[in-house]
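The following questions and answers concern the structure displayed below. Please consult the sequence and the model alongside each answer.

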Amino acid sequence: MTYRLTVNGVAAEVEAPGMRRLLDVLREDLGLTGTKEGCGEGECGACSVLLDGAVVDACLVPLCQADGGAVETVEGLGMGGGLNALQAAFLETGGAQCGICTPGMLIAGEAFLASGAAPTEAAVREAIAGNLCRCTGYTKIIDAIVLAAERQAGQPESRA
Amino acid sequence: MTTRAQTESPLLLAPGTIAPGRARPALPLRREGPEKLTGLAKYADDLVFPGAWYGVTIRSTEPHARLRGIDLDPSFDWSKVVVVTAEDIPGDNVVSLIQDDQPVLVPLGGEIQHQAEPVCLLAAPDRGLLRLAKRHVALRTERLPATFDPLLSDHEFAHFELAKGDIEAGLAAADIVIEGEYRVGHQEQLYIENQAMIAVPRPDGGIEIHGSMQCPYYIHGALKRALNLTDAQAVVIQAETGGGFGGKEEYPSIIALHAALLAQRVGKPVRMIYDRHEDISATTKRHPAWIRHRTGVTRDGQLVAQDIEVVMDGGAYVTLTPVVLSRGTIHAAGPYECPNVRIRGRAMRTNTPPNGAFRGFGAPQTEFAAETQVNRVAERLHLSPLALRRRWVYREGGVTPTGQVLRESVAGLEVLEAAAQASEYEGVAAHTRKAREQRGADARTARGIGLALAWHGAGFTGSGEVHLASIASIELTSDGEIRILTASTEMGQGTKTIFPQLVAEALGVDIDAVEIAPQDTSIVPDSGPTVASRTAMVVGGLLIKAAQRMKAQVEEATGGSFAGTHRSYAMAHGSLRVDEQFTPYPGVQFDDATYTGDAYPCFGWAAAVAEVEIDLDTGEVSVTDVVSADEIGRVIHQVLAEGQVEGGSLQAVGYATIEELKLVDGRYQNDRLATYLIPTAMDAPRITSLLLEHLYSGAPHGAKGVGELPMDVVAPAVVAAIHDATGHWIADLPATSERVLAALTGSTPPPPPGISSERPA
């Protein structure tokens, strides 16, 4: 079967079985290895991508379900070269350590920023609750998302 | 000699503040951060090797058995599948580490020692065929009796006995002797990137390994031994590594050997990428332990005797167990001065997957017991746990159970005061005590606060660093570029950021002028494993010395500053490489035979205060706040060091409350991420990290290491907080809702953690 989807704004045609995992399509068929596999059963969130704006675990989404959809991966962030606001905030606060959960965290963080919700600590914790991190204790990831949200809103930064 | 440690008061860095009077240059950003943030960083499974095959391990499904045969189903087409068994191993059939007891693959007629033991290997050009082939292999075995309880095992891997003073006289002199028994279970490292190795055959008959690892030279040594390779034929290259925590210290050698054996037979690259299920089922865990304390005190609260017994469960093979036991034993009495101490530690074999390195390396187990014991003694003496620790904690000049005199950088009291102050420990404790006393029968929740203190020896134990004889190098290339050459790996903790920082500072150049060579054994020297919180202190120290020598040599030749003249020096003289090899820290001596002396050049110190809220209907424990004060010598990079404390604290919260592996017939039952739970952002407490500095004079920069300290201290603080909330001591970790509820209701608690039941119910 041939499936058509938009990946990071670029049209893609994929010749593959409909039940092939979106994760494998991205990583192997399209060479976008930024999206990671941590468990293969939707528990860790390392493979989080945006499908039509919603955060999904790419290991649980069959290709046929993404047909005609728009997929955004970590490679699509800051496509103008350099880092976008959220990526820069992660770098500044120390939100990325080993980096393996980072692409998924960024995707969850982008969805939170796009929601326009007030960046309270509780709201940010809930927004990344589906993404496991074993390095940071989440503290600096939360700092990064709050910082990016404050900058987006043009508010003074709470963090010195 | 006057050191900064002696002349300056310690520096307390609160999060986001700048210390007065101590201007520091702006912190460099994580060196490899941009690649990680854009998805460009290449982890093992991201690497593409055209034509690569896929490899898989056929494992035992019994805990103890004799291998009689490996049957390949004759009805299956094996022509496109490669099979490797023990008979195909060209060199010694051992995973080279401390002892030669663990085979790469169980040989025919040999003994299977645990449920996940590798027996044979398959490779195929595609994963579908490989999955199919796997189903057509059957093992013929003869079941043997299995041992699951280390207390019942008759096979000892290692033992240590430490003695200070006279334990019998000490116990006799005590007014009160308080006994306690503690039990801790397995813990999975749960790096988010699973174990992964790719082996590529080399034209010279050797093997090149690309993979996720902490210790390239461990794998290098293992390859040479089992595949009969020369130094040059075995090449090990670290891919970006998605977390290790000790889990990628020794285990990667096995996977690399398997991939290499297959690649040699196939003649093409072979990928062995574990999925989460295989990773949890087969790889090493934190050692379960049983710990018994007898603590002698006088009525007025003097500590006069500590008699401690530690039994660790090594699993089926020795791996690193003697070293884990050694560290656990040395730390088992906690950071307290006591005239009469006896600590007896032994590690036993069981028919469960081997246990191995995990952040803290034996100390989190024994320090959980030690701290909970101290808290129970405080309760018995009607003293505040803070006041008791103020009296007992080591001061400068204190003498440890190995006879080590703590000469400098002794900060137990300071971290204690810092954590107690920042958390308002005494005020909150007064409040929670009152709330507990007034609590009615209809209360649904209870809050509590708890305190613990810990120490952690910096670097390898005893003469470990002398035996390692690590080398770190700096190269000035003929183009005038500065390059760091070490085998120290980056796995998130910040090696690639702090090394350029230290070298740039020593050379007087900009940090961006300092490059790091890839962690490739054909390029970098053996600077030892990236473990034991030793990278910043030991390897960082070697780099500073190398940089100082390079700077002196260049400046002597050019007469100008290194920064201004190194390029012209390189132009005129060609490349310059300075190798710096480890030499013992001044005055540090350890006797391996008697196990006495300076077990570590110095110690790091940590105090933690945890606050919990407990659901009295379900026994569920929410850890709401953790304040951790850590004294780590020089804080090289505040953000990265805080990151270590925050991450380590959360790992310890998981250890304390939810992370438990249940075993039946020697097999982990909850061997998936859906069933082995780690804390999410919703479960994680607010973590406040306070960093204190007491420079260690033996290291040129005064750093002591930070990675493991937080893992030692938070679990006993959480258990103390549970006691504060409920009045019950939980002596078995983790303090799951089942155990807490059993304590609250007086019902039968779940069986002790870490011990397999014989057969499925």
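Q: What percentage of the residues of chain A count as buried?
A: In this predicted model, a residue is buried if 20 or more other C-beta atoms lie within 10 Å of its own. Applied to the 160 residues of chain A, this criterion gives a buried share of 56%.

Q: Is Leu22(A) buried or exposed?
A: Leu22(A) lies in helix 1 (residues 22-29) of chain A. The threshold for burial is 20 or more other C-beta atoms within 10 Å. Because Leu22(A) has 28 such atoms within 10 Å, it is classed as buried.

Q: What radius of gyration does chain A have, and why does it agree with a compact globule?
A: Along the principal axes, the C-alpha atoms of chain A fill a box of roughly 55 × 30 × 25 Å. A compact globule with 160 residues would have a radius of gyration near 15 Å, so there is agreement with the value for chain A, 16 Å.

Q: Which pattern does chain A follow along the sequence?
A: The secondary structure of chain A comprises six helices and five strands. Read along the sequence, these elements follow the pattern β-β-α-β-β-α-β-α-α-α-α.

Q: How many residues of chain B are in contact with chain A?
A: On the side of chain A, 41 residues take part in the contact with chain B. Helix 3 (85-93), helix 4 (102-115), helix 5 (121-127) and helix 6 (139-152) of chain A each give two or more residues to that side. Its residues divide into 19 nonpolar, 14 polar and eight charged. The number of contacting residues in chain B is 40.

Notes. Residues are numbered from 1 along each chain as its sequence is written. Chains are lettered from A and ligands numbered from 1 in the order in which they are written. This is a predicted model: local features need pLDDT of at least 70, side-chain atom pairs count only at pLDDT 80 or more; totals for chains, interfaces and linings use all residues. Two residues are in contact if their C-beta atoms, placed from the backbone, lie within 7 Å. Helices (H or I, at least four residues) and strands (E, at least two) are DSSP runs, numbered from the N terminus. Ala, Val, Leu, Ile, Met, Phe, Trp, Tyr, Cys and Pro count as nonpolar, Asp, Glu, Lys and Arg as charged, and the others, Gly among them, as polar. The radius of gyration is taken over C-alpha atoms; the globule rule is 2.2 Å times the number of residues to the power 0.38. A residue is buried if 20 or more other C-beta atoms lie within 10 Å of its own, exposed if 12 or fewer, and partly exposed in between; C-beta atoms are placed from the backbone.
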